[in-house]
Amino acid sequence: SDIGLYRALEQLREPLSFDELAGTGFSLQEHPARVTHKHLGDWSTAVSGYAMRGGRHFVEFAITKVDQGIVQLGVIRPLSLTDDIDLEAEWGGRVNPVFVSSSHKPAEAEKLRSQRTAKWGDSDIHCCGYYSFDGRCHGTDWDTKLTNYEWVGREGLEGSGTIGLLLDLDEGTLSVFKNHLRLGVMKGGGLSGEYCWFVSACASCSISMSK
């Protein structure tokens, strides 16, 4: 509809923000586009509320680390990580949606899948991320598939730096840029439907997000 198109255009003009924080590791948020994770150990996840519906979308994450912990950056379906999922009783205080499947955290997997809408499309890749330790591409359908992709140009991120991600929903691909240089296509196809940006942290670090 014309109203839906207008709202989508308005979203394109607005800066990105982290709209849901899940986990026990984040400090009080001082800026909507930045999160600070307090300590090495448990995973916490922050998700943008901006849903990408087609075309090409770029984001840059500026990461400042104070230890050698790991961060994961990527795309996730528009949903809530905490709606009817208890942070302590079910997540155990450790939230990373990339590592959820029917064999690992099955209750959480079922509740994430239950939020599916027609806007997710027909792709079974519901969460896909860049793993900073070695640059691998991890993906999941929150059911039976928990994948670990190799890709040409793969590099990890040691210490601080920037990671850019280019989501091309016309081609179904996700490309990676490290410190403003293109590394390559991390996910070579299969992405379709709506996605949002997310970050998961298991490190003492701050992460800022910008278009």
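This is a predicted model: local features need pLDDT of at least 70, side-chain atom pairs count only at pLDDT 80 or more; totals for chains, interfaces and linings use all residues.
**Exercise 1. The salt bridges**

Task: State how many salt bridges a search of the whole structure finds, and describe the pairs of Lys-111 and Lys-145.

Solution. 
- Step 1. The search returns 9 salt bridges. As background, side chains of opposite charge can pair when their charged atoms come close.
- Step 2. Lys-111 pairs with Glu-90 at 2.8 Å, N to O. Lys-111 is part of helix H2 (residues 106–113), while Glu-90 is in the loop between S5 and H2, so this pair ties together parts that are 21 residues apart in sequence.
- Step 3. Lys-111 has 23% relative accessibility and is therefore partly exposed. Glu-90, at 23%, is likewise classed as partly exposed.
- Step 4. Lys-145 pairs with Asp-124, with 2.8 Å between the closest N and O atoms. Because Lys-145 is in the loop between strand S7 (137–140) and S8, and Asp-124 in the loop between H2 and S6, the pair ties together parts that are 21 residues apart in sequence.
- Step 5. Lys-145 is partly exposed at 43% relative accessible area, and Asp-124 is partly exposed at 32%.

**Exercise 2. Arg-154 and its network**

Task: Find which residues are linked with Arg-154 in a network of salt bridges, and locate Arg-154 in the chain.

Solution. 
- Step 1. Arg-154 sits in the loop between S8 and S9.
- Step 2. A salt bridge of 3.0 Å, N to O, joins the side chains of Arg-154 and Glu-150. The network holds Asp-134, Arg-136, Glu-150 and Arg-154.
- Step 3. Arg-154 also reaches the backbone oxygen of Asp-134 with its side chain, at 2.6 Å.
- Step 4. Residues up to four places away in sequence excluded, Arg-154 touches Asp-134, Gly-135 and Arg-136.
- Step 5. Arg-154 is partly exposed, with 30% relative accessible area; Glu-150 is partly exposed at 47%.
- Step 6. The C-alpha atoms of Arg-154 and Leu-183 are 6.7 Å apart in space, and the two residues are 29 residues apart in sequence.

**Exercise 3. The open sheet**

Task: Give the strand order of the open sheet and explain which strands stand at its edges.

Solution. 
- Step 1. The sheet is built from 7 strands in the order S1-S3-S12-S5-S6-S7-S8, with antiparallel pairing.
- Step 2. Strand S1 (18–22) and strand S8 (146–149) each have a single partner strand, so one side of each lacks a neighbour in the sheet; these two stand at the edges.
- Step 3. On average, neighbouring strands in this sheet are turned by 20° against each other, direction ignored.
- Step 4. Glu-20 stands opposite Val-47 of S3.

**Exercise 4. Strand S2**

Task: Sort residues 34–37 of strand S2 into a covered and an uncovered face, and name the strand with which S2 pairs over 4 bridges.

Solution. 
- Step 1. In a regular strand the side chains alternate between the two faces of the sheet.
- Step 2. In S2, Val-35 and His-37 form the covered face, and Arg-34 and Thr-36 the uncovered one.
- Step 3. S2 pairs with S13 over 4 bridges, in the antiparallel sense. Arg-34 has Ser-208 as its bridge partner in S13.

**Exercise 5. The nonpolar cores**

Task: State how many residues the largest nonpolar core has, and list what Phe-61 touches.

Solution. 
- Step 1. The largest core has 36 residues; Phe-61, Leu-165, Leu-167, Leu-174, Trp-197 and Ile-207 have the most contacts inside it.
- Step 2. Two or more residues come from each of S4, S5, S6, S9, S10, S11, S12 and S13.
- Step 3. Beyond four places in sequence, Phe-61 touches Phe-18, Leu-73, Gly-161, Thr-162, Ile-163, Leu-165, Trp-197, Phe-198, Val-199, Ile-207, Ser-208 and Met-209.
- Step 4. A separate second core has 18 residues, including Leu-79, Ile-85, Val-95 and Cys-127.

Methods:
Residues are numbered from 1 along each chain as its sequence is written. Side-chain values use heavy atoms; hydrogens and water are left out. Two strands pair if DSSP finds at least two bridges between them. Axes are lines fitted to C-alpha atoms, for helices over the stretch in contact, and angles run from 0 to 180 degrees between N-to-C directions. A nonpolar core is a set of buried Ala, Val, Leu, Ile, Met, Phe, Trp, Tyr and Cys residues joined through side-chain atoms within 4.5 Å. Buried means under 20% relative accessible area, exposed over 50%, partly exposed in between (1.4 Å probe, protein chains only). Contact means heavy atoms within 4.5 Å. A salt bridge is a side-chain nitrogen of Lys or Arg within 4 Å of a carboxyl oxygen of Asp or Glu. A polar contact is a pair of N or O atoms within 3.5 Å; within protein, one must be able to donate a hydrogen and the other to accept it, and residues adjacent in sequence count only if both atoms are side-chain atoms.
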